[in-house]
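Visitor: Could you walk me through this model?
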Amino acid sequence: MSALIFTLREEPLQRVDLAPLTPDRLLGLSESKIAAIELQTTRVRLCAGDLFKIRMGDTMQIQFEGGHERFDRVGAGMTNGEINVAGDVGIQAGRLMRGGRLTIGGTAGPWAASGMKAGTVTISGHAGERIGGPLPGETVGMRGGVVVVRGDAGARAGDRMRRGLIIVEGRTGIHPGSRMIAGTLVVRGRTGSLPGYLMNRGSIFAMNGSDAVSPTFADSGVHELVANSLLASYIQPYSADVAAILRRPWRRLIGDMAVIGKGEIFCPAVPN
Amino acid sequence: MSQLTVNGIRVDDTFAEAFGMRATALTITAHSAAWAHQAAITMTGFATSVIGCGCEAGIDRSLKPDETPDGRPGVRVLLFAVSTSELQKQLQNRVGQCVLTSPGSACYAGLEAKEELKLGNALRFFGDGWQVSKRLGNRRYWRIPVMDGEFVCNATTGLTKDAVGGGNIIVMGASGETTLAATERAVEAIAAVPDVILPFPGGIVRSGSKVGSKYKGVIASTNDMFCPTLKGSGRSALDSDVASVLEIVIDGLTSTAVAEAMRAGMRAILTLGPERGALRITAGNYGGKLGPHHYHLKDLLP
């Protein structure tokens with residue numbers, strides 16, 4: 001059975017909440033029922049059928065033909081199946097995801113994969129700030145799963161992350177891995193200043209160095225660790241290029257000593 | 001006892017009687033194959049029989065770098081015990097004292113199973129707070145800082161309750177030399193069978209035992225029926241042409257693996273023939289009432 005396709009009719013005049021359009025929530029619904037699902041975030045009613053031309057198919061594979069910066073909460077809370085967006089998305093894509101695969105062809109706004117528990121999110125373009133991070137008032141960010149950003153990520157990538165893996169193939173803004181509780185953040189490009197700001201535990205790879213490392217991180221020498229080759233094998237299917245580089249020796253900085261100092265930043269053996 | 005003759009070798013129409021055991025498997029890796037073997041040999045030392053060692057353990061096979069989780073050379077080790085608690089205790093002590101201590105080592109689960117034993121979850125405390133947990137997919141690892149870097153191990157390893165211990169072949173020959181030659185051939189052949197180990201020295205036991213003793217409190221004693229120096233005792237099971245007896249004991253993760261190992265061992269012995277090898281083979285049992293697994297030699301003939 002082919003995918004269930006939502007083709008964008010015209011650009012939305014308000015921000016829309018696409019969280020209802022996930023495989024588990026659409027399971028068993030007829031085309032008219034799906035078309036009647038409300039997506040508005042203002043007082044102006046907007047249903048799925050108004051925004052999209054719907055071609056019925058397997059609800060386990062949802063395809064959005066065309067995206068928009070106003071597409072908020074795409075795949076939020078999804079538990080299984082696949083969602084592909086051929087275009088950009090707004091805030092909180094894949095927030096609190098518990099399984100399945102979310103693929104975004106364009107750029108994602110802030111808080112993508114926020115608080116995610118399991119599953120895979122792939123963003124072909126750039127990601128906004130606080131990818132994987134918690135919303136204001138929440139104490140924990142990403143709790144599991146894998147996020148791959150082919151482009152750059154904004155500030156505070158992996159904020160308060162507790163478990164799981166974020167791979168950024170491009171650069172990140174300032175404070176990547178801020179307040180990390182645990183988990184792994186791998187940045188292929190250069191990171192903005194102060195990676196691992198106030199991190200307790202967890203691992204950050206700043207593969208191309210950082211604009212500025214906090215003096216509260218202590219140099220622990222250059223090591224070729226078995227754990228990194230295990231991580232490389234795990235990363236291989238998501239990002240072969242990053243996996244290959246990961247197998248090199250890395251300089252290990254431990255910190256943030258401003259808090260408990262059990263975290264680590266791996267950076268190039270020779271600082272650049 | 002009725003006998004068959006295959007390639008000039010007498011095969012008793014009897015069976016090996018084996019017992020259910022709890023078992024686990026580990027993959028041990030190191031910078032080189034030699035150091036992986038060293039860790040495995042140390043860990044499986046003094047593990048010939050549950051009677052006196054608490055567990056039976058041995059090397060299943062060597063692993064190429066592309067067969068191990070970290071891409072380094074490795075060894076697969078199997079560990080057998082009579083209860084889950086004893087297996088857990090032996091696993092923790094042996095990995096803690098022999099693998100953790102070995103230069104450059106890492107230790108991974110060698111068996112996927114529903115039930116699990118603690119591996120890193122028991123050893124992590126050695127890290128004294130500096131240990132790091134990493135979860136990659138469904139697998140959790142512990143990284144424990146040690147003096148040459150880090151010791152990495154899985155949090156848990158699989159436990160099987162379908163394991164079998166005590167499959168055996170008893171080899172009889174005209175001299176010590178020919179008997180050993182035949183038994184060595186069998187050991188070599190069994191090494192190629194997956195999921196089994198031969199826990200005794202070099203895979204061979206020369207002091208086969210029977211249950212009980214004339215002495216109070218001794219649970220096992222020499223199998224006098226198979227001692228060639230006691231052929232005249234009146235209880236001997238040996239023929240006049242037999243001057244030496246050796247035994248192979250087999251532990252396997254499954255009953256099928258034990259049967260396959262016995263089949264491979266018998267084939268090697270029978271192929272060698274009586275002039276250079278064994279005159280007769282038999283198997284040890286307790287009348288069939290103690291162990292649930294019976295391996296009839298005639299069913300395992302090549």
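Predicted model: local features only at pLDDT ≥ 70, side-chain atom pairs only at ≥ 80, totals over all residues.

Guide: Residues are numbered from 1 along each chain as its sequence is written, with chains lettered from A and ligands numbered from 1 in the order in which they are written.

Visitor: Which strands pair with β10(A), and in what sense?

Guide: Strand β9 (residues 143-149) of chain A pairs with β10(A) in the parallel sense over 5 bridges, and strand β11 (residues 184-187) of chain A runs parallel to β10(A) with 4 bridges; strands are DSSP runs of E with at least two residues, and pairing requires at least two DSSP bridges. A:Val168 has A:Val149 opposite, while A:Ile167 faces A:Val186 in β11(A).

Visitor: How many residues of β10(A) are buried?

Guide: In β10 (residues 163-168) of chain A, 6 of its 6 residues are buried, where buried means that 20 or more other C-beta atoms, placed from the backbone, lie within 10 Å of the residue's own. A:Arg163, A:Leu165 and A:Ile167 lie on one side, with A:Gly164, A:Ile166 and A:Val168 on the other.

Visitor: Switching topic, how many residues does each chain bring to the contact?

Guide: Chain B brings 13 residues and chain A brings 10, with contact meaning that C-beta atoms, placed from the backbone, lie within 7 Å. On the chain B side, β8 (132-136), β9 (139-146) and β10 (149-154) each supply at least two residues.

Notes: Contact = placed C-beta atoms within 7 Å. Buried ≥ 20, exposed ≤ 12 C-beta atoms within 10 Å, placed from the backbone.
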